[in-house]
Structures are given as C-alpha cells and as structure tokens.
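Thanks for asking me to look this one over. Here are my notes, point by point, for you to follow with the model open beside you.

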Amino acid sequence: MKLTNVNDSFLKHVQLTQAESFYATSTDGIHIHSWVVKAAATNHGSPTILEIHGGPHLMYGHTFMLEFQVLASKGFNILFSNPRGGRGYGQAFTDAVRGDYGGMDYTDLMAVTDEAVKRYPYINEDKLGVTGGSYGGFMTNWIVGSTNRFKAAVTQRSISNWTSFYGVSDIGYYFTEWELKADIYENPEKLWNHSPLRLAENVKTPLLILHSEQDYRCPIEQAEQLYVALKRKNKEVEFIRFPQSNHELSRSGKPNLRTARLKYLTSWFKRYLKQSQ
C-alpha cells in the first residue's frame with residue numbers, strides 16, 4: 001500500500017527506468033558485473049554516459065541512483081559497472097587495484113564500454129561521455145588523459161595529483177601508502193606516475209570540473225591544479241566551485257547546491273553529446 005506521495009511533483013518531470021545487468025570480460029578473463037539504464041526516450045542517436053563509482057572499495061548494485069534517473073530522463077543512457085577494486089567479489093578482486101590505479105581498473109572500464117557498444121544497438125560509440133566522483137573522478141581524469149573515445153567528461157571531487165594529495169587530504173598519507181603501495185619519501189616517482197595531472201597534455205575531451213570548497217577528503221587544490229594545467233595547455237575545460245559544501249555534496253549537501261550540481265552535469269553533456277542531434 002502506498003503511504004506517501006512526496007515525490008509526485010518530481011515524477012512529473014522524471015520517468016524512472018530499470019537497469020539491465022550484463023557482464024563484460026576484461027583482457028585477463030575477469031568478468032566485470034555491469035548495468036545499463038536505458039534512456040527514457042531512446043533512439044540510435046541517444047548519448048551514453050559511463051558512470052564510475054568512488055572508493056574505490058565500494059560497489060554499485062540494484063539500488064536507486066537519483067543522478068542516473070535524472071540523466072536517463074533527459075535522454076542519456078547510463079552505463080555503470082564494478083571494475084576491480086570494488087567490494088562484493090572477494091578480497092583478491094578488491095585488492096587488485098592497489099598499486100595499480102589507472103592500470104587494470106582502466107582496462108576493465110574500457111572492456112565494459114566495448115561490451116555495451118557491441119551488445120546494445122542503441123548505444124552510439126560516437127556519443128560517449130564519462131563521469132565519476134572521488135575515485136570515480138580520479139578515473140575520469142585518467143581516462144581523458146589516456147583515450148579520446150569519450151566526447152565529454154565531468155570530473156567530480158577528484159584526485160589529480162597524488163604527490164600533493166599525500167599531505168593535504170584528511171586521509172592523504174595513509175590512504176596513499178595503502179592504495180598506491182608507495183609514499184612520498186621512498187618512491188615519489190610512483191605517486192607522480194599514477195597522477196592524472198601528468199597526462200594533461202594528452203587531454204582532448206572537453207572536461208567540466210565540479211568540486212566543493214570544503215572538501216577535506218579530496219581537497220579543492222586537486223581541482224585547481226588540474227584546471228590550471230589544462231588551461232595552460234589551451235584545453236577545453238571549465239571549473240565550478242561549490243561553496244559551503246564538502247565531499248558529501250552529491251549525497252547530503254545543501255538541496256539547492258545538489259540541484260545545481262545536477263544541472264551543471266546535465267548541461268555539459270547536452271552541450272557536447274547532443275549538439276549534433
């Protein structure tokens with residue numbers, strides 16, 4: 001029995017859609033659990049956005065994600081998955097990302113994208129976008145520095161430079177040492193090698209940077225460094241700063257700023273993925 005109708009006004013503007021599960025096989029044979037949310041009004045020209053979870057030791061599942069539903073209602077297919085590093089598939093799978101950020105986790109995400117393009121005729125390979133927050137923001141930064149297959153990207157509360165992250169994040173020193181298996185004193189080269197900032201010269205994908213000014217987990221200087229590097233190299237980039245917000249903006253931030261974040265996200269993908277429709 002329905003108990004409330006508090007979301008009726010929202011549902012007048014958003015058509016909810018179901019996620020379909022599938023598996024992609026990475027280059028070493030590991031099966032990557034994945035899903036696709038079909039756009040509310042899908043045709044062969046509908047753009048698709050790859051969403052990357054944070055953590056990295058988290059996982060997507062059969063749960064409601066407001067961001068996915070809002071984007072799907074605006075005509076975007078949503079692709080999401082659990083690449084290695086996430087939980088739920090055994091400890092070895094979770095540990096596999098440690099010391100290898102941007103390695104096989106990147107390969108997994110490309111395999112998921114390849115499988116989705118092959119499996120679903122409505123996914124247009126020429127209209128792919130990518131976004132994610134925290135670790136997902138790191139991976140978004142890494143992806144646009146490693147491939148040009150995505151035509152638009154939005155990086156959120158991200159990591160761009162492990163060398164500075166080590167000293168400024170509220171978890172910097174121990175998180176970096178655990179996750180990258182290196183510290184700033186004994187192996188600074190490894191920190192830089194895994195830093196997306198190093199790849200700024202390669203970026204050709206239009207990138208929107210969203211970051212909160214009171215984020216102590218991934219401090220805003222990570223976004224500032226990335227923005228300056230890309231502007232210095234004449235890349236297509238914009239930077240939105242959210243005041244009075246922290247790492248939790250997308251989940252528990254001020255309602256007006258959460259709404260603004262979704263509008264910036266949607267507008268960027270509309271600008272670069274739908275302009276030819």
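**Notes on the model**

1. F165 is buried, with a relative accessible area of 1%; buried here means under 20% relative accessible area, exposed over 50% and partly exposed in between, with a 1.4 Å probe and protein chains only. W162 is buried as well, at 0%. Both residues lie in helix α6 (residues 162–168), three residues apart, about one turn of the helix.

2. Before going further, a word on the basis: this is a predicted model, in which local features need pLDDT of at least 70 and side-chain atom pairs count only at pLDDT 80 or more, while totals for chains, interfaces and linings use all residues. Residues are numbered from 1 along each chain as its sequence is written, and side-chain values use heavy atoms, leaving out hydrogens and water.

3. A search of the whole structure gives 22 aromatic pairs. Rings of Phe, Tyr and Trp (its six-membered ring) pair if their centres lie within 6.5 Å; planes under 30 degrees apart are stacked, over 60 edge-to-face and the rest tilted. The rings of W162 and F165 have centres 5.2 Å apart and planes at 80 degrees, so this pair is edge-to-face. Ring pairs also link W162 and F165 with Y101, Y135, F138, W142 and F175 into a cluster.

4. Two charges over rings deserve a look. R98 lies over the face of W178, 3.6 Å from the ring centre, and K274 lies over the face of F76, at 4.8 Å. The rule asks for NZ of Lys or CZ of Arg within 6 Å of the ring centre and within 35 degrees of the ring normal.

5. How many salt bridges are there? The count comes to 14, taking a side-chain nitrogen of Lys or Arg within 4 Å of a carboxyl oxygen of Asp or Glu. In one of them, the side chains of R261 and E67 meet at 2.9 Å, N to O. That pair links distant parts of the chain, with R261 in helix α11 (residues 255–273) and E67 in helix α2 (residues 66–73), 194 residues apart. Helices (H or I, at least four residues) and strands (E, at least two) are DSSP runs, numbered from the N terminus. Both R261 and E67 are buried.

6. R271 and E238 also meet in a salt bridge, at 3.1 Å, N to O. R271 is partly exposed at 39% relative accessible area, and E238 is partly exposed at 32%. Elsewhere, D28, R84 and D108 are linked in a salt-bridge network.
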